Amino acid sequence: MQTQLLDALAYPAESISTAAALLQRGELVAFPTETVYGLGARVFDAEQVQKIFIAKKRPQDNPLIAHIAEAEQAQRIVRSISPIAQKLMQKFFPGALTLVLPKHPDVPAIVSAGLDSIAFRMPAHTLALELIRSVGQPLVAPSANLSGKPSPTTAKHVLQDMQGRIAAVLDGGECGIGIESTVLSLLEATPRILRPGAIHAEMIEEVLGQRIIRNQPLDASNSHELAAVHSPGMKYRHYAPSAQVQLIHDWSEVPSNELSLILASENPHHREDVRPLSTQSLYAEFRRADDLGITRIYILLTKDIVAQEGLMNRIMKACEFPSS
Ligand code: TXA
Ligand code: MG
């Protein structure tokens, strides 16, 4: 299979209609969202959803997120929308917040890996929304990378992993946020963050006027087991670049004569080996380091970086499991 690259920046209408037709025929199409590129299939087509697990080499027990274009579409995939869910949807949809609620019986079990719950969000990306509308039903979409690779933030990253494995990629340029959405479970009395992202706990608490349960601290020795109980995706070994990732707090900690990459949100000494550090650039820089065979990545943890819980979560994961 040759994977088609659909240039939605130059030809949005044609690209969307080609992508929608492929999805309606049961093929897989990757599309941009404001967080990362997703690999789409129609939520009610179990066979098509099965293809996602094969294309990504994704463990079958890791459930998927459904993407909706109108709030009304949520009613077709969840059993009921609680008042808390309603409030959060009003405030954060469309946006980088995924909610977990009890699943509608019409949604095939494969979507939620057999769980009684379903994760869903409304992406804040015109192309994604138009694609979902053209297809006429929610699209499930995990990040469009091979399992174990960083999530793709450009169409080129998608092709690196998925060339020949999927029908098409809708190229909408670079994703604005660059890390995956915040996943919030509403299954218990108190909402619980299962995966931190650009929408922070404080932002959710402000809207709800109540405390929520934070993601388990990353340095807890059993953090993975704890998280796995609530979110199956958290138990898998996450992507780490082949390079060793080292956290630093000061420029004086960086030796200057190594084959290394330095990620920082500032570059006061105008060093050529310093690359930008932000949610938008992190995964692209990890891919780049691997492509160049870089052996060590220094990440400068300035205050502005530490304040971003989603970004810090992905940085810590990259340190946790240095791959051999
Ligand atoms: O930003 C995003 O969320 C991107 C874009 C494409 O929307 N999607 C994404 O999907 O990151 P994925 O499949 O890579 O991550 C989905 C996460 C996994 O950690 C999974 O375990 C969790 O959401 N999840 C999905 N359904 C769940 C459920 N019913 N209960 C708990 N966790 C769930
Ligand atoms: Mg993923």
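In the predicted model, Glu-205 is buried, with a relative accessible area of 12%, where buried denotes under 20% relative accessible area, exposed over 50%, and partly exposed the range in between (1.4 Å probe, protein chains only). Glu-205 is located in helix 6; helices (H or I, at least four residues) and strands (E, at least two) are DSSP runs numbered from the N terminus. When residues up to four places away in sequence are not counted, Glu-205 touches Gln-210, Arg-211, Ile-212 and Arg-214, a contact being defined by heavy atoms within 4.5 Å. As this is a predicted model, local features need pLDDT of at least 70 and side-chain atom pairs count only at pLDDT 80 or more, whereas totals for chains, interfaces and linings use all residues. Residues are numbered from 1 along each chain as its sequence is written, chains are lettered from A and ligands numbered from 1 in the order in which they are written, and side-chain values use heavy atoms, with hydrogens and water left out.

Ile-212, one of the residues touched by Glu-205, lies in the loop between helix 6 and helix 7 and is buried at a relative accessible area of 6%. Apart from neighbours within four places in sequence, Ile-212 contacts Leu-184, Thr-190, Pro-191, Ile-193, Ala-201, Ile-204 and Glu-205. The C-alpha atoms of Ile-212 and Met-122, which are 90 residues apart in sequence, lie 21 Å apart in space.

Helix 6 (residues 201-208) also takes part in a helix-helix contact, its axis coming within 10 Å of that of helix 3 and crossing it at roughly 115 degrees; axes are lines fitted to C-alpha atoms, for helices over the stretch in contact, with angles from 0 to 180 degrees between N-to-C directions. The crossing of helix 3 and helix 6 is right-handed, a crossing being left-handed if the near helix is turned anticlockwise from the far one by less than a right angle, and right-handed if clockwise. Helix 3 contributes Ile-84, Lys-87, Leu-88, Lys-91 and Phe-92 to the contact, and helix 6 contributes Met-203, Ile-204, Val-207 and Leu-208. By class, the residues of this contact comprise 7 nonpolar, no polar and 2 charged, with Ala, Val, Leu, Ile, Met, Phe, Trp, Tyr, Cys and Pro taken as nonpolar, Asp, Glu, Lys and Arg as charged, and the others, Gly among them, as polar.

Aromatic pairs number 2 in the model, where rings of Phe, Tyr and Trp (its six-membered ring) pair if their centres lie within 6.5 Å, and planes under 30 degrees apart count as stacked, over 60 as edge-to-face and the rest as tilted. Phe-93 and Phe-120 form an edge-to-face pair, because their ring centres are 5.9 Å apart and their planes stand at 80 degrees. This pair links distant parts of the chain, with Phe-93 in the loop between helix 3 (83-92) and strand 5 (97-102) and Phe-120, 27 residues away, in strand 6 (residues 117-121). Phe-93 is buried at 11% relative accessible area, and Phe-120 is likewise buried, at 0%. The other pair, Tyr-239 with Phe-286, is tilted, because the ring centres are 6.2 Å apart and the planes at 40 degrees. Tyr-239 belongs to the loop between helix 7 (223-230) and strand 11 (244-248) and Phe-286 to helix 8 (residues 279-292), so this pair ties together parts 47 residues apart in sequence; both Tyr-239 and Phe-286 are buried.

With regard to backbone geometry, most residues other than glycine have a negative phi, and most peptide bonds are trans. Phe-93 and Pro-94, however, are joined by a cis peptide bond with omega of about -10 degrees, Pro-94 being in the loop between helix 3 and strand 5. Lys-57, although not a glycine, has a positive phi of about 55 degrees; Lys-57 lies in the loop between helix 2 and strand 4 (65-67) and is exposed, at 58% relative accessibility. His-270 also has a positive phi, near 50 degrees, and occupies the loop between strand 12 (260-264) and strand 13 (274-276), where His-270 is exposed at 68% relative accessibility.

Helix 5 (residues 155-162) is mostly covered, with 6 of its 8 residues buried. Partners packed against by the buried residues of helix 5 include strand 1 (4-7), helix 2 (46-56) and helix 8.
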